[in-house]
Amino acid sequence: MPDADIRMRVNGVTRRATVPPRLTLADYLREHCGLTGTHLGCEHGVCGACTVLLDGEAVRACLVFAVQADDADVTTVEGIAAPDGELSPVQAAFRDNHGLQCGFCTPGFVLSVTALLRDNPDPTDEEIREGLSGNLCRCTGYQGILKAVRAAAGTAAGGAAAAEEPR
Amino acid sequence: MKPAAFDYHAPADAAEAVALLSGLGEDAKIIAGGQSLVPMLALRLAVPEHLVDLRRADGLRGIERRDGVLRIGACTTQAMIERSAEVARDVPLLARATPLIGHFQIRNRGTIGGSLAHADAAAEYPAVALALGARIQARSPRGERTVPADRFFTGMWTTELAEDELLTAVDFPVRDGRAGFAIEEFARRGGDFAIAGAAVAVELDGDDRVRRCGIGLFGLGSTPLRAAAAEASVTGAAVAGIDADEVGRAAVAESGSVPADLHASADHRRHVGAVVVTRAWRRAVQEAAHA
């Protein structure tokens with residue numbers, strides 16, 4: 001079973017590696033890149049803890065092989081905050097609204113919600129619930145997470161409204 | 001939860017993929033979006049020696065209108081289908097079924113060809129293909145052929161495709177006139193496989209008689225099912241005289257092997273199945289009557 005040479009940009013940094021084909025993207029990120037913010041819960045596509053952005057789209061990193069992400073652009077939770085460490089609006093909203101407790105599922109939620117609000121900046125409650133349905137949380141409860149998404153959407157919408165005001 | 005080792009191949013197009021399949025035989029498995037296959041690999045329900053990845057085969061992706069059909073390439077993702085204005089206009093049943101598949105993260109990777117070739121009895125796309133009379137395009141070293149959806153699903157997780165045959169595209173007929181479409185399913189949580197579901201396509205003539213009808217069932221047998229007897233019983237009939245509850249009962253009665261599991265007994269599933277068929281029938285007829 002020959003290994004394969006891969007190259008991908010992870011959080012803006014180009015990385016090269018030689019990996020066995022059966023290595024998942026999640027394990028590649030954690031074990032080869034040291035980016036352990038991508039968590040593994042179920043390892044078969046149910047829990048959403050390993051969600052990352054692959055060429056901008058939210059995907060489960062346990063259901064993609066690293067060789068399939070050759071030449072791709074990957075964003076993990078480590079790449080979401082600003083370089084100076086300032087939290088993204090989604091991360092800040094999770095902190096401010098009790099959107100996390102133990103934090104295990106949080107990286108997956110943050111990536112999913114980041115993609116969700118990018119594609120739909122002003123979602124209805126139903127759209128938020130639908131958008132969160134692919135990520136499981138076993139301790140916080142979902143109400144704080146819902147509130148966090150509403151708050152993050154509000155921040156983004158507030159920013160957009162402010163930008164539209166006449167000067 | 002780690003897949004067993006395999007050799008990886010990423011052919012550049014369908015021809016190269018078919019040549020690989022032909023050479024590797026039964027030890028090879030095709031991977032497209034991988035959203036069903038990778039869990040099976042992780043659980044070691046599948047242990048292929050070779051994976052043939054279609055990610056580089058750009059020619060297998062895309063949505064194209066031609067001669068009364070909408071042709072959708074096998075590697076077109078569910079997310080692309082969900083966003084497509086052509087699909088929404090030309091094959092509304094497919095557009096309505098797509099958001100019911102998994103979660104958006106799954107639909108970003110999952111493909112229509114993968115869904116059909118995987119042939120899960122509880123999945124939405126096979127039932128939609130049956131209800132609409134879709135035609136599946138396949139390619140092998142022996143050439144290309146077309147398989148009608150109602151001859152495609154041959155058994156549990158098995159299809160008409162040979163081991164060296166690649167599903168390349170699906171043609172959906174574009175219906176105009178007085179047509180209506182609906183899909184209904186019951187799942188315990190959004191994104192789960194449904195306990196039971198039904199996809200209905202109905203076409204009325206100028207006198208409000210059923211000109212054509214397709215009913216696809218999912219979750220109600222060991223394969224995706226077409227309720228052919230129920231379809232026949234309504235075809236040609238005046239729509240006002242058709243009892244929607246009876247359509248539901250008749251459709252479900254056709255399945256000889258309704259599954260029972262942790263989520264629902266066979267009786268419960270049969271009951272839910274009849275209800276979803278009835279609901280889908282009513283909505284499809286209502287849409288057709290106002291089209």
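Mentor: Let's start where a helix ends: α1(A) is followed by A:G34, and its phi is positive, near 70 degrees. Before we go on, this is a predicted model, where local features need pLDDT of at least 70 and side-chain atom pairs count only at pLDDT 80 or more, while totals for chains, interfaces and linings use all residues. Residues are numbered from 1 along each chain as its sequence is written, chains are lettered from A and ligands numbered from 1 in the order in which they are written, and side-chain values use heavy atoms, with hydrogens and water left out.

Trainee: What counts as a helix here, and which residues of α1(A) are buried?

Mentor: Helices (H or I, at least four residues) and strands (E, at least two) are DSSP runs, numbered from the N terminus. Buried means under 20% relative accessible area, exposed means over 50%, and partly exposed is in between (1.4 Å probe, protein chains only). Helix α1 of chain A covers residues 25-32, and its buried residues are A:L25, A:A26, A:D27, A:Y28 and A:L29.

Trainee: What covers those buried residues of α1(A)?

Mentor: Look for contacts, meaning heavy atoms within 4.5 Å. The cover includes four strands of chain A: β1 (4-10), β2 (13-19), β3 (51-54) and β5 (73-75).

Trainee: Back to positive phi: which residue other than glycine has a phi near 50 degrees, and where does A:N11 lie?

Mentor: That's A:N11, with its positive phi near 50 degrees. A:N11 sits in the loop between β1 and β2 of chain A, and is partly exposed at a relative accessible area of 25%. A:H98 is another one to look at: not a glycine, yet its phi is positive at about 55 degrees. You'll find A:H98 in the loop between α2 and α3 of chain A, and at 46% relative accessibility A:H98 counts as partly exposed.

Trainee: How do I describe two helices that meet, like α2 and α3 of chain A?

Mentor: The axes of α2 (residues 89-96) and α3 (residues 106-119) of chain A come within 9 Å and cross at roughly 125 degrees. That makes α2(A) oblique to α3(A): angles under 35 degrees count as roughly parallel, over 145 as roughly antiparallel, 65 to 115 as roughly perpendicular, and the rest as oblique. From α2(A), the contact is made by A:V90, A:Q91 and A:F94, and from α3(A) by A:T106, A:F109, A:V110, A:V113, A:T114 and A:L117.

Trainee: Why would residues spaced like that end up on one side?

Mentor: An α-helix has 3.6 residues a turn, so residues three or four places apart point the same way. As for burial, α2(A) has A:V90, A:Q91, A:A92, A:A93 and A:F94 buried.

Trainee: Where is B:W281, and is that residue buried or exposed?

Mentor: B:W281 belongs to helix α11 (residues 266-289) of chain B, and B:W281 is buried at a relative accessible area of 3%. Leaving aside neighbours within four places in sequence, B:W281 is in contact with several residues, including B:V200, B:C213 and B:V247. B:C213 is buried too, with a relative accessible area of 8%.

Trainee: Which helix does α11(B) cross?

Mentor: α10 (residues 244-253) of chain B: the two axes come within 7 Å and cross at roughly 130 degrees. α10(B) and α11(B) are therefore oblique to each other.

Trainee: What about B:Q105: which residues does that one touch?

Mentor: B:Q105 is in helix α6 (residues 104-107) of chain B, and is buried at 0% relative accessible area. Not counting residues up to four places away in sequence, B:Q105 touches residues including A:T51, A:R60, A:N135 and B:Q35.

Trainee: Last one: how many disulfides does the structure hold?

Mentor: A disulfide is a covalent bond between the sulfur atoms of two cysteines. We call one when a pair of cysteine sulfur atoms is within 2.5 Å. Over all chains there are 0 disulfides. The sulfur of A:C137 has its closest cysteine sulfur in A:C105, at 3.9 Å, too far for a bond. A:C137 is buried, at a relative accessible area of 4%.

Key. Axes are lines fitted to C-alpha atoms, for helices over the stretch in contact, and angles run from 0 to 180 degrees between N-to-C directions.
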